[in-house]
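Please look through the structure shown here, with attention to strand pairing and to disulfide links.

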Amino acid sequence: MPGTIPSPKPSDVLIRAQKVESEDDGVYLDIIDVTPAISAFRRAFELRVNAKCFQYEDEPQPGFRVIGGEYTRINEYPWQVALVYRRKFFCGGSLISDRHILTAAHCVFGSFSAGISDLRVSIGDHDISTKNETEHIVGKVKHVHWNLHYNPHTTVHDIALMELEEPVTFRHGVSAVKLPSDLDDLYEGENATVTGWGRYSVRLKATNPVLKEYTGPLTNISKCVEAWDAFRGISARSPNHVCLDVTMGTPCHGDSGGPLVVCSGVQCTQIGVVSFGFPMCTNVGLPAVFTRVSHYKSWIDMNLTPLDIF
């Protein structure tokens, strides 16, 4: 029309060059919820907990969280790994050999209907929203192997292994955690530390991009079982589980699969894998529950042999 300046369609003009990324550049800004949709966990709490408890508020709550924890130092826990699917963070894990990751079965069971070609493991990371603060390794996964007795309708046998396509080279910031040698030691009364990138606020769904830790005392397993008995189908069990007092802090959503360690000096031993707890990550008298590593040590040893050696 006279007096007007023709304007091209947006598709005709390249306003800004497209961001070209490698297949995986080590930056993970989104998350996936991997709690099984049909599970004893959700069923029990939908019946017993006011629905409002599951609603998150938008206003931020200050504080450093795993919930109640604090930031770790860079490379303080060189076995900590982040599990990522299609560039979205979803769980934690631990490096237990140069090619094996220990995590929770509920993190991987039924999660990869399209295959594991997009599954990655970030090893030696600290801030998963950046890629330059550490020399971390992003590895591909060759096999996912969960305990065959695991069932999402219960909370026992919640343990799994991942085998990497290529072994990693141990160095500063990347090394395996020690597993228990004394399988009869319950560690009750000792202080234990849980680490992860899980939710940092009871009011927000967001996970924390910087690795956090919380240290608290381990509770008596009998008292832990008794506390959880009110929730049918979601009970803690002995000797399958180990429990952590959450009076001052707790693991939360996103910390699943991460390690619980007992340390003596610089030597740490992984005694648990984050499994479940009260869903709103608050202290209501229910300890946080971890899969007891020593109980599944023979299963772990059996599966540390590469699955395709023949």
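The model is predicted. Strand β3 covers residues 80-85, and six of its six residues are buried, so the strand is largely enclosed by the rest of the structure. Q80, A82 and V84 point one way from β3, while V81, L83 and Y85 point the other way. Residues facing either way are buried.

β3 pairs with two strands. Six bridges join β3 to β4 (residues 88-95), and the two run antiparallel. Y85 has K88 of β4 as its bridge partner. Two residues lie between the strands of this hairpin, where R86 takes a positive phi near 50°. β3 also pairs with β6 (residues 119-123) over five bridges, again in the antiparallel sense; here L83 is partnered by V121.

The whole structure holds four disulfides. In one of them, the sulfur atoms of C224 and C243 are 2.0 Å apart, and the link is left-handed, with -75° about the S-S bond. C224 lies in helix α3 and C243 in strand β11, so the pair ties together parts that are 19 residues apart in sequence. C224 is buried at 1% relative accessible area, and C243 is buried at 1% as well.

The disulfide of C252 and C281 has its sulfur atoms 1.9 Å apart and is right-handed, with 80° about the S-S bond. Both cysteines, C252 and C281, are buried.

C263 and C268 form another disulfide, with a sulfur separation of 2.0 Å. The torsion about its S-S bond is about 105°, so this link of C263 and C268 is right-handed. C263 is partly exposed at 35% relative accessible area, whereas C268 is buried at 8%.

Conventions. Residues are numbered from 1 along each chain as its sequence is written. This is a predicted model: local features need pLDDT of at least 70, side-chain atom pairs count only at pLDDT 80 or more; totals for chains, interfaces and linings use all residues. Side-chain values use heavy atoms; hydrogens and water are left out. Buried means under 20% relative accessible area, exposed over 50%, partly exposed in between (1.4 Å probe, protein chains only). Helices (H or I, at least four residues) and strands (E, at least two) are DSSP runs, numbered from the N terminus. Two strands pair if DSSP finds at least two bridges between them. A disulfide is a pair of cysteine sulfur atoms within 2.5 Å.
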